[in-house]
Amino acid sequence: MSADIQATVERPPVARQGWTRARTIGVILLAIWAVLGLAVLGFMINAWDPDIFTRYAPRYLSGLWVTIQLVAVSVFLGAILSVPVALGRASRNRFIAALAYAYVYFFRGTPLLAQTFLVYYGLGSFRPELQAVGLWTFFREAWYCAVFAFTLNTAAYQAEILRGAIESVGKGQWEAASALGLSRFQTARKIIIPQALIVALRPYGNEIILMIKGSAIVAIITVYDLMGETRRAYARTFDFQTYIWAAIIYLGIVEILRNTIDWIERRITKHLKR
Amino acid sequence: MERVWTLLSFGPEGWGDDIAKGVLLTVSLALATLPLGLAIGFFVALGKRSSDKALRLAANIYTTIFRGLPELLTLFLVFYGAQIGLQQLVRLFNPDASIEINAFVAGMVALGAVFSSYASEVFLAAFRAIPQGQYEGGHAIGLSNAQTMRLIILPQLIRLALPGLSNLWLILLKDTALVSVIGLADILRQTGIAARVTKEAFLFFGIACLLYLALAMLSSIALGIIENWTKRHGAQR
């Protein structure tokens, strides 16, 4: 009897070798990607026009430079502004904490495009008041408005990153440092921040990537960044390759950044690997 | 203050009804994109964790492209690119046909592509959190692969993926603002028109921001209810 049962025991199926269904689907999908890639390549070669290229390549480069400046300036200013916001979020004073929370909630809960419109078009409603305090020349320029809106936006996100990273460092670290007789500032600088930065690296990197992608919307308020130059080139030539060039450049930047962040992370977490 | 209430009233002098239509469009676009993005994202995640190299590569190309491109550019690529591509395809059969892409569908496809590439990462992380023993257990009680997926893995997967997906939903809601650029009458476009006509830009764009905030808050409440529902008889771990 027992031998009988053993004979009918079902074994888990042996992993199939060779040509599986997954491979068929994979090959078909890869073939579709290849066809799409070749179609785009063929289109680019077909549409290649040295005239257009020599006319628009420098403009694309200047647009790229505007994008990089815009992102670099707003991320930098946002980083500075994020420190008081993060401190406010952690504050024991309920009023300050609520204020910081409202700030973060507003800027993370509304679209960047709406915020940019609110600054660029909306502040125009207060022109006499702004002129009176001498700020009108600042808010008249689309570029400054974009930097202003982006800085406020990224500060909200960076404040949350900063707060999360500092909270991720255990309380024991603070206590141990205070037992050693370090001041709070020394503790923050020598013990907490180096550990928090490891945690914060990836979110910070993602935030920069999000800003680069998000910065494309300034084209709508007439800043000629990479996207703005692309739209202008398309409006003049009606040549779709203008958009494909932009796509290649954006993809290139994002991939380079992503790989750099991966590389830095691998290096600074070496001591954590076993 | 009187003037503000007149401007916001529902009626011939107010913009309330126009803005309400915009809210409706924003919400319906986001709701229409969600199932598309979830389905594609799920299958891309399956592709990424496949043992087959070709399938993994195909899935990774997808996420690399749609996570790397700015959402606005994706929208333009779909809106203008699909128009040109389809036009050429149709011209093969009928030389004087002209095609116009529906802006709503273009927005849905572009936002769906972006949503799904991020969702695939969320699903992938959730898959990794489910131990191998769950699959083996399913096998041991005689379930087929599809049954194991449907009855054992999916219920756990949804619970694990929900926080990440909630986040993506809030991002999707904000990304819908971009479709105002291709002419869809969403919140931002309607308030933008009102701002231009009435010259009350700060008021109307401020209202647009508040409406997005309100939608985000409502979503958070709804997502909280869903999250509790998925946990209703989860094992305590």
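**Exercise 1. Determine which pattern of elements chain B follows along the sequence.**

Solution. Begin with the elements themselves: helices (H or I, at least four residues) and strands (E, at least two) are DSSP runs, numbered from the N terminus. Chain B contains nine helices and zero strands. Read along the sequence, the pattern is α-α-α-α-α-α-α-α-α. The model is predicted: local features need pLDDT of at least 70 and side-chain atom pairs count only at pLDDT 80 or more, while totals for chains, interfaces and linings use all residues. Residues are numbered from 1 along each chain as its sequence is written, chains are lettered from A and ligands numbered from 1 in the order in which they are written, and side-chain values use heavy atoms, with hydrogens and water left out.

Next, consider the chain as a whole. The C-alpha trace of chain B spans about 70 × 55 × 25 Å along its principal axes. Of its 237 residues, 49% count as buried, where buried means under 20% relative accessible area, exposed over 50%, and partly exposed in between (1.4 Å probe, protein chains only). Contact means heavy atoms within 4.5 Å. Among the contacts in chain B with a separation of 6 or more, 70% come from residues 24 or more positions apart.

**Exercise 2. Relate the UniProt annotations of chain B to its helix content.**

Solution. The unreviewed UniProt entry annotates residues 23–223 of chain B as "domain: ABC transmembrane type-1". UniProt positions are given in the numbering used here, feature names are shortened, and annotations may be inferred rather than shown by experiment. Over residues 23–223 of chain B, the chain is 82% helix and 0% strand, with the end C-alpha atoms 19 Å apart.

Residues 139–162 of chain B are 83% helix and 0% strand, and their end C-alpha atoms are 26 Å apart. Residues 201–226 of chain B are 100% helix and 0% strand, with end C-alpha atoms 37 Å apart.

**Exercise 3. Describe the packing of α2(B) and α5(B).**

Solution. Two packed helices are described by the angle between their axes and the distance between the axes. Axes are lines fitted to C-alpha atoms, for helices over the stretch in contact, and angles run from 0 to 180 degrees between N-to-C directions. Helix α2 (residues 16–48) and helix α5 (residues 103–129) of chain B pack at about 45°, with their axes 6 Å apart. The two helices are therefore oblique to each other; angles under 35 degrees count as roughly parallel, over 145 as roughly antiparallel, 65 to 115 as roughly perpendicular and the rest as oblique.

The crossing of α2(B) and α5(B) is right-handed; a crossing is left-handed if the near helix is turned anticlockwise from the far one by less than a right angle, and right-handed if clockwise. The contact of α2(B) with α5(B) comprises 19 nonpolar, eight polar and two charged residues. Here Ala, Val, Leu, Ile, Met, Phe, Trp, Tyr, Cys and Pro count as nonpolar, Asp, Glu, Lys and Arg as charged, and the others, Gly among them, as polar.

**Exercise 4. Describe how α12(A) packs with α4(B).**

Solution. The axes of α12(A) and helix α4 (residues 71–91) of chain B come within 11 Å and cross at roughly 150°. The pair is therefore roughly antiparallel, and α12(A) passes α4(B) in a left-handed crossing. From α12(A), the contact is made by Tyr243(A), Ala246(A), Ala247(A) and Tyr250(A), and from α4(B) by Leu73(B), Phe76(B), Leu77(B) and Tyr80(B). By class, this contact has eight nonpolar, no polar and no charged residues.

**Exercise 5. Classify Gln158(A) and Phe238(A) as buried or exposed.**

Solution. Gln158(A) is found in helix α8 (residues 142–168) of chain A. With a relative accessible area of 1%, Gln158(A) is buried. Not counting residues up to four places away in sequence, Gln158(A) touches Val75(A), Gly78(A), Ala79(A), Ser82(A), Tyr204(A) and Glu207(A).

Phe238(A) lies in the loop between α11 and α12 of chain A. At 63% relative accessibility, Phe238(A) counts as exposed. Phe238(A) has a positive phi of about 50° although it is not a glycine.
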